Structures are given as structure tokens and as C-alpha cells.
Amino acid sequence: MQKVWILLVFVQLTFVSCGAQSTQTKEKKNTMSEAKKSPVYSRTDSGKVTMSEEEWKKILPSDVYYIARQKGTERPWTSKFEKFDEVGTYYCAACGNALFKSDTKFESGCGWPSFYEPISKSSIIYIPDNSLGMTRTEVECGRCKAHLGHVFDDGPPPTGLRYCINGVILDFEKAKATEKKYNEKKKDE
Ligand SMILES: [Zn+2]
């Protein structure tokens with residue numbers, strides 16, 4: 001009888017410790033990005049995101065909503081990314097779409113984070129913008145159509161373009177973190 005009891009306790013202990021372990025792994029995976037982001041935020045899903053303005057308002061922080069959905073402009077010199085030279089990738093803060101690499105970022109002196117080239121052709125959408133009595137080209141996220149900023153033709157080589165982007169809509173990840181996550185993923189497979 002005692003033997004059976006000991007066995008039961010052992011089985012139960014094993015079960016409990018396994019359970020705890022799997023929860024921990026799950027939490028670890030979520031903390032990097034997804035946990036605090038909107039439900040549509042994904043760095044791997046390239047499917048287009050279409051949502052009503054009302055739904056966006058519910059899931060985005062108010063400053064991101066103002067820029068992304070109401071085509072707002074943050075005050076110049078206020079973004080932490082304006083003077084920022086870490087190596088990594090900039091993603092859309094609303095949906096996680098990869099937008100720019102840090103090696104295409106440059107100091108434009110205009111007050112907003114500036115890049116000379118997007119990460120890929122499909123990462124950005126171009127829209128003529130004639131508001132405020134100016135002829136400009138608006139740039140939006142290619143996945144969720146969040147307003148990012150504008151593109152001008154006074155940038156440096158090789159493109160000669162200046163993507164003037166609101167820092168609020170950018171989500172940065174250091175290159176090392178990306179590499180680490182990639183390795184962790186490989187280990188899991
Ligand atoms: Zn987006």
C-alpha cells in the first residue's frame with residue numbers, strides 16, 4: 001500500500017513540474033514582443049490587415065493611433081529614434097511589418113527619424129498628398145496602411161530619397177536580439 005502511495009506522489013510531482021516548465025517557456029516566448037502588442041501584431045505574418053477605425057482605436061495606444069490612423073505628425077525632435085544609431089530593424093508599431101534597416105538611416109537634421117530606403121518594395125505604400133497646400137508623397141505601411149510619414153527627393157545616395165518617418169509608429173529591435181531569437185527558434189525545431 002505504501003509503495004503505491006509513494007508512486008502516486010512521485011507521478012504527481014513529475015506532472016506538476018512539467019506543467020510549470022511549459023508555462024514558463026510559453027511566457028518567455030511572449031515577453032519579447034507579442035505580449036504587449038495589438039492582436040494583429042506579427043513579424044512573421046505578411047497577410048494584409050484590414051480593420052475598422054473603431055477597432056484600431058480599441059487596440060492601439062492613443063499616440064500610435066493618432067499617427068497611424070489619423071495621419072498625425074509628432075512634434076519634431078521628440079522621437080527617441082531621431083538621434084539613435086543602434087544596429088537593427090525598424091518595424092511598424094501597429095502591425096509588426098518590417099519597414100527599415102538601421103543601415104539605411106541617416107541624420108537628416110529635419111527633426112524626425114530619416115531613412116533613404118525601405119526594407120523591401122512591398123513594405124511601404126506611396127500615396128499622393130496635396131494637403132496643407134503642399135504636393136507631397138505620403139508613405140503608409142504596406143501591411144496595415146498605417147500612416148508613417150512622407151518621402152522627399154532630397155535624400156542622400158544611392159536613392160536620393162528621404163523617408164521622413166514619425167518615431168511613434170516605429171518599433172525597433174536590436175540586431176543581436178533578432179539573432180538570439182532566431183537561434184532559439186532553431187533549437188526548438
Ligand atoms: Zn503596419
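Trainee: Hi! What should I know before I start?

Mentor: It is a predicted model, where local features need pLDDT of at least 70, side-chain atom pairs count only at pLDDT 80 or more, and totals for chains, interfaces and linings use all residues. Residues are numbered from 1 along each chain as its sequence is written, and side-chain values use heavy atoms, with hydrogens and water left out.

Trainee: Thanks! Which protein donors does the zinc ion have?

Mentor: The SG atoms of Cys 92, Cys 95, Cys 141 and Cys 144, lying 2.3 to 2.4 Å from the zinc ion. Donors are N, O and S atoms within 2.8 Å of the metal (3.2 Å for Na, K and Ca).

Trainee: And what spacing do the donors follow along the chain?

Mentor: The spacing is C-x2-C-x45-C-x2-C.

Trainee: Are Cys 141 and Cys 144 buried or exposed?

Mentor: Both are buried, with buried meaning under 20% relative accessible area and exposed over 50% (1.4 Å probe, protein chains only).

Trainee: Switching topic, how many aromatic pairs are there?

Mentor: Nine. Rings of Phe, Tyr and Trp (its six-membered ring) pair if their centres lie within 6.5 Å; planes under 30 degrees apart are stacked, over 60 edge-to-face and the rest tilted. In one of the pairs, Phe 81 and Phe 172 have ring centres 6.2 Å apart and planes at 50 degrees, so the pair is tilted.

Trainee: Are Phe 81 and Phe 172 buried or exposed?

Mentor: Phe 81 is buried, and so is Phe 172. The rings of Tyr 90 and Phe 172 are also tilted, with planes at 50 degrees and centres 4.8 Å apart.
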